[in-house]
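Keep the structure in view while reading.

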Amino acid sequence: MTVGAIDFANLPKRPRESRLRQGMSLSKGPYEYLTQKVNEIGDAFTLTVPASPPMVFLNTVEAVKEVMAIPGDHIDQSRMPFPIDIGEKNTGFLGGVEHKDGRKILIPNVNSERLKARAADMYDIIKYRVDQLQEGEQIDMTRFVGDVTLDIACFSLTGHKAGPVKDRYKYLMARWLHLSTNNTMFMLGTMVGATRWRHRMHQRYQNKLASGRYGREKRFYFTPWGRAVELKAQLDQMLRNDIRKARAESNNDRNDILYYLSIATDSTGALLSEERVIAESLAVLFGGHETSAGTGGFFALWLLKHPQVCAKIREEVTACIEAQGGFNGLAISELRYLNAALMESQRLSPTIFAIMRCLVKDTQVAGYSLPSGVGVMVSPYLIGRRKDVWGEDADCFRPERWLERKGAKPYEFFPFGGGHRTCVGLNQARQQLKILFAYMLLKTEWDSKYKNNDVWPSQRSIAGTTQPEGGVPITIHCR
Ligand code: HEM
């Protein structure tokens, strides 16, 4: 059968359900649905969900290796079904030289010395938030992690840790993220067609910039998309002022990403356009927000089920504090058992259930001749559960496995994607999550309906991430 330009006869088999049902099952419970399809169809299958390119899932380590190595000129990641207007000129969407430039500029900002220099500030931010929690207070861990991450992102991106400018930045960021990522907007955008929706939203935002009427224009303001455009325009205004300030002054004391983006040059030696700096900044903000919330939510769930793992982390953290003479964020983020526990949680429940490569050239992958127009998918969830890779206890949460084996190959464990598209913010994300969980476990105990039992929530989808349905409600007890 041929749909559009794609001949499905040459693709791996499709399930019998309607396209709508496939889409709903994938967004409501991707873990179960993908597992079901592997059991029913096998390691290669094609899903055809509405408003997305056909998705060819390949579920062997060898296939993952090949998918990660698909050359850059065979893919166009701006075709991903992602209905949120971050700005087209961000590294996640760009290809070719612009993509390489973007990675070269972004990576030093969220790695090595610049990241290390932020560890103490991350700890200050986390300490402030965790110390405010009251005995008996009820929180949803996914939202708590998301919100603390936003404080940290605000600081890493703009350099503001507290005060009115930080508050204004955070207000705009939080509102814009919430409006852009809520399920109604995501569904609406997906139904209209993700790229078409994104381009329309972008056009409206450009019109608003051209009109210069930020914060005043009432037209469209009563629709969620009108408000999202307005908030983005206001955020744009703040970022643009800061970019111009950074370019006018040379301030060697600054360690924020916006500063480095503002003064960075591309491979032709030119400064990045303001539009690009803003798109990259919003991508950094967006890239780390719901992903960290989802990762933190699942990590909390696994910890609730395994009090002995919490005890071991507390022991390790306490020993580190004694050795360092205090809570040293950097030393904490290098703790082996804590690291192993987080990796184990990401292996079993990665918040991004699959990595996509949008083909724009016919490509041979894993024995299939895949045409331009399809999305090739590999799932860190499915590979993370394979018994031939992880052993008979693949489904068990056992952090010790990471201490027994020497890491994992990038094709066996890829919650942050892989190849020339690997997440640029993985070290930043892991560092902040480890400091947050170490400090929370040190200072608090948790009660929850999920504690010490086999009750698991199903999943929900937020902005392309998978998170525990209903969040992870916990009651705080101070230690
Ligand atoms: C736990 C948190 C995070 C998770 C699970 C996560 C996961 C991912 C995944 C799966 C990809 C796609 C990789 C691929 O296609 O192979 C990605 C890409 C990306 N992420 Fe993250 N991410 C996280 C945090 C962050 C943070 C904090 C930042 C920014 C500081 C960030 C910035 C990016 C960017 C810019 C890309 C695009 C890379 C490219 O296309 O070259 N992410 N991330």
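Is Ala366 buried or exposed? Ala366 is buried, because 20 other C-beta atoms lie within 10 Å and the cut-off for a buried residue is 20 or more. The model is a predicted one.

Ala366 sits in the loop that links strand 7 (363-365) to strand 8 (368-370). Its phi is near 50°, which is positive although the residue is not glycine. Most residues other than glycine have a negative phi.

Asn452 also has a positive phi near 50° and is also a residue other than glycine. Asn452 belongs to the loop between strand 10 and strand 11 (459-462). Asn452 is exposed, because 10 other C-beta atoms lie within 10 Å and a residue with 12 or fewer counts as exposed.

Val49 is found in the loop between strand 3 (44-47) and strand 4 (55-58). With 19 other C-beta atoms within 10 Å, Val49 is partly exposed. Apart from neighbours within four places in sequence, the contacts of Val49 are Arg19, Gln22, Gly23, Leu26 and Met55. Val192 is 143 residues away from Val49 along the chain, and the two C-alpha atoms are separated by 13 Å.

| Residue | Other C-beta atoms within 10 Å | Class |
|---|---|---|
| Ala366 | Ala366: 20 within 10 Å | Ala366: buried |
| Val49 | Val49: 19 within 10 Å | Val49: partly exposed |
| Asn452 | Asn452: 10 within 10 Å | Asn452: exposed |

Strands of a sheet pair through backbone hydrogen bonds, either parallel or antiparallel.

Strand 6 (residues 355-358) and strand 9 (residues 375-378) are paired in the antiparallel sense over four bridges. Ile355 is opposite Val378 in strand 9, and Cys358 has Gly375 of strand 9 as its bridge partner.

In a regular strand the side chains alternate between the two faces of the sheet. In strand 6, Ile355 and Arg357 lie on one side, while Met356 and Cys358 lie on the other. Both faces are covered, and these residues are all buried.

Another open sheet is formed by three strands in the order 5-13-10, with antiparallel pairing. Its edge strands, strand 5 (138-140) and strand 10 (444-447), each pair on one side only. Ignoring direction, neighbouring strands of this sheet are turned by 40° against each other on average. Strand 5 is joined to strand 13 (residues 473-478) by three bridges, and Gln138 stands opposite Thr475 in strand 13.

Helix 7 lies across strand 5 and strand 13 and runs at about 75° to strand 5. At 1.5 Å a residue, helix 7 should span 26 Å, and because its end C-alpha atoms are 25 Å apart, the two values agree. Gly159 follows the helix and has a positive phi, near 85°.

**Helix 11**

How far apart are the end C-alpha atoms of helix 11 (residues 224-248)? They are 36 Å apart, which agrees with the 36 Å that 25 residues should span at 1.5 Å a residue. The buried residues of helix 11 include Leu231, Leu235, Leu239 and Asp242. Among the elements that cover the buried residues are helix 7 (141-158), helix 10 (194-211) and helix 13 (274-305).

**Around the ligand**

There are 26 residues around the ligand, and those that come nearest are Gly287, Gly288, Gly417, Cys423 and Gly425. Helix 4 (96-106), helix 13 and helix 20 (426-443) are the elements that give two or more residues to this shell. Helix 13 gives the most, with seven residues. By type, the shell has 11 nonpolar, 13 polar and two charged residues.

How values were computed: Residues numbered from 1 in each chain as written. Predicted model: local features only at pLDDT ≥ 70, side-chain atom pairs only at ≥ 80, totals over all residues. Expected span 1.5 Å × (residues − 1). Contact = placed C-beta atoms within 7 Å. Pairing = 2+ DSSP bridges. Axes fitted to C-alpha atoms, helices over the stretch in contact; angles between N-to-C directions. Near = placed C-beta within 6 Å. Nonpolar A, V, L, I, M, F, W, Y, C, P; charged D, E, K, R; others polar.
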